[in-house]
Structure formats: structure tokens, C-alpha cells
Amino acid sequence: MSILNAFQIVRQKGTPTPAEEARKRAQAHITAAARAGARALDRNGRPVVPLAPRASSSLLIENAAQSKAAAHKRQALLKGSI
């Protein structure tokens, strides 16, 4: 029997075990708002913001009938009748 140096000594390997299974990625849930209209996408392809102009912004394009109704509503709110 010969004397083994550090490079010649080999430890026994442990029992081989299978690798952990890859986890399934969560699927993106598309909301009803996302299905409703066109949306801008971020760099990963996910819908982020709607492309339609915001209705709650200060500048709103409206026709004559809508403008008249909005003016009457503002006057009624100022008078306190609504």
C-alpha cells in the first residue's frame, strides 16, 4: 500500500439527488380595464396606461349640448341647489 498525498485522496461523493424542479411563473391577469381598450406597453410588453385621453383632465373637448349641460350643472352647484 502506497502513501497517498492530498491530490490523490478522493472523498466519496454523496448520493445524487435530482435538482429542484423549476417553479412555474405566475400568469399575468388581464383586468377588465385592460381588455376594454388599447393600452400602451412597457419595454417588457405589459400593458401600462390607456391610450385614450383622460376624461378627468382640465381640458375636455365636448360638443355644444354637453357644454350647455356642464354650464348648467356648474351654475346649480354654485347656487347650492344640487
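Which residue's side chain does R46 meet in a salt bridge? The partner is D42, at 3.6 Å from N to O. A salt bridge here is a side-chain nitrogen of Lys or Arg within 4 Å of a carboxyl oxygen of Asp or Glu, and the count by this rule comes to 1.

This is a predicted model, where local features need pLDDT of at least 70, side-chain atom pairs count only at pLDDT 80 or more, and totals for chains, interfaces and linings use all residues. Residues are numbered from 1 along each chain as its sequence is written, and side-chain values use heavy atoms, leaving out hydrogens and water.

Let's look at the fold. The protein chain has 2 helices and 2 strands, arranged α-β-β-α from the N terminus on. Helices (H or I, at least four residues) and strands (E, at least two) are DSSP runs, numbered from the N terminus. Strands β1 (residues 39-41) and β2 (residues 47-50) pair in the antiparallel sense over 3 bridges; pairing requires that DSSP finds at least two bridges. R39 stands opposite P50 in β2. Between the strands of this hairpin lie 5 residues, and G45 takes a positive phi near 90°.

Confidence is given as pLDDT (the predictor's confidence in each residue, from 0 to 100). The chain mean is 76, with 72% of residues at 70 or more.

| Element | Mean pLDDT |
|---|---|
| α1 (residues 32-36) | 57, lowest |
| α2 (residues 64-79) | 91, highest |

Where pLDDT is low, the predicted coordinates should not be read in detail.

R46 is partly exposed at 48%, and D42 is partly exposed at 28%.

Note on methods: Buried < 20%, exposed > 50% of the residue type's maximum accessible area, 1.4 Å probe, protein only.
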